[in-house]
Amino acid sequence: MNTFEKCVVKPGAKVDLAKISTDETFGWTKSAAQEQTKKNLERISKLQELLHFEGKRGLNLVVQAMDTGGKDGMVRTIGGAMNPAGTRVVSFKAPTAEERKHDFLWRIEIAMPKAGEIVISNRSQYEDVGIARVHNLVPEEVWRGRYALINNFEEKLSQPSPEIPEGTHVLKFFLHISKDEQLRRFRDRIEDPAKQWKLSEADFKERAYWDDYMKAYSDAIANCSTEKAPWYVIPADNKWMRDLIISHVVAEYLEGLNMQLPKPTVDIDALREKYLTGVDVPPKPSAGRPNHMGKARQSAKKHFHHKQ
């Protein structure tokens, strides 16, 4: 599993997405990857609840990709392993009229995790150095200046505060697919009535800017991968490989936080002595053997079908 470290972008490293494989499998087969992913998701489920109950830090998972890159699929897979009580998914599309009145980071900041919460960002502040650059929505000096603003913002998130004593951790994933794979996925959407609603002609027109997007994302990842908020470039042509790598990274990261459950606020020994000493606690009914109430329900069910 250490081979997945190849996906992380070291601070200061140069990045050329055009030269990075989109279908790398690191020697894994689909069946083995899916089995390991299942185990990773079970770990994430337990660790997310621990983070939630500990209530000392937040985690922001940033997901960026080209159209059909698998952002929604990643959200379903990773988010689906978590307790909804401690997670949120936020999607950043074209800015609203209200959002345009503020700095580009305003809408991002107000969506960040509270203590004990995980927020998955489906698109993010990196739209403002991606599509804004490709389509000349702002001058070059503006989008170039945003790299430093983003780094400062993510560094600030990591700092302890009264609201979040251990700060907010940030992990960023670029789901890297090939141009050919995108076309295959567009075709699949056209042929599948259940997915046709996802399509727009603009999606196809954006393919003309593919190389520009690769350059924009390469520069953004290179300029904004830091120790506190690293970027991972995930080979995502194979959805099962995407899920394996991201589930591994998230599980390992959460485990490395060494989280602890809060200490009891009551005297456990006193509670045990007061309420359980001398009390005969009934055993839990054996699985597969219905108790009296279960037998009564079964009898009633048979009677109902007989009457029918």
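Leaving out neighbours within four places in sequence, His-176 is in contact (heavy atoms within 4.5 Å) with Leu-17, Ile-20, Ser-21, Thr-22, Met-214, Val-233, Ile-234, Pro-235, Ala-236 and Asp-237. The residue sits in strand β5; strands are DSSP runs of E of at least two residues and helices runs of H or I of at least four, both numbered from the N terminus. With a relative accessible area of 2%, His-176 is buried. Here buried means under 20% relative accessible area, exposed over 50% and partly exposed in between, using a 1.4 Å probe and protein chains only. The model is a predicted one, in which local features need pLDDT of at least 70 and side-chain atom pairs count only at pLDDT 80 or more, while totals for chains, interfaces and linings use all residues. Residues are numbered from 1 along each chain as its sequence is written, and side-chain values use heavy atoms, with hydrogens and water left out.

As for the chain overall, there are eleven helices and six strands. The C-alpha atoms take up a box of roughly 75 × 55 × 45 Å along the principal axes. Of the 308 residues, 44% count as buried. Among contacts between residues at least 6 apart in sequence, 81% join residues at least 24 apart.

Glu-154 belongs to helix α5 (residues 140-158). This glutamate counts as buried, since its relative accessibility is 2%. Its side chain makes a polar contact with that of Lys-172, at 2.8 Å. A polar contact is a pair of N or O atoms within 3.5 Å; within protein, one must be able to donate a hydrogen and the other to accept it, and residues adjacent in sequence count only if both atoms are side-chain atoms. Setting aside residues up to four places away in sequence, Glu-154 touches Lys-172 along with Gln-125, Tyr-126, Cys-224 and Ala-229.

Now for helix α2 (residues 71-79), which packs against helix α9 (residues 239-256) at an angle of about 50 degrees, with the axes 10 Å apart. That angle makes α2 oblique to α9. Axes are lines fitted to C-alpha atoms, for helices over the stretch in contact, and angles run from 0 to 180 degrees between N-to-C directions. Angles under 35 degrees count as roughly parallel, over 145 as roughly antiparallel, 65 to 115 as roughly perpendicular and the rest as oblique. On the α2 side, Gly-73, Met-74, Thr-77 and Ile-78 meet Arg-242, Asp-243, Ile-246 and Ser-247 of α9. By class, this contact has three nonpolar, three polar and two charged residues. Ala, Val, Leu, Ile, Met, Phe, Trp, Tyr, Cys and Pro count as nonpolar, Asp, Glu, Lys and Arg as charged, and the others, Gly among them, as polar. Helix α2 is mostly covered, with seven of its nine residues buried. The cover over those buried residues includes α1, β2 (58-65), β3 (87-91), β4 (118-122), β5 (168-176) and α9.

Helix α1 (residues 30-54) also packs with α9, at an angle of about 35 degrees and with the axes 8 Å apart. By class, the contact of α1 with α9 has ten nonpolar, seven polar and five charged residues.

Beyond α9, Pro-264 lies in the loop between α9 and α10 (268-275). Pro-264 is exposed, with a relative accessible area of 57%.
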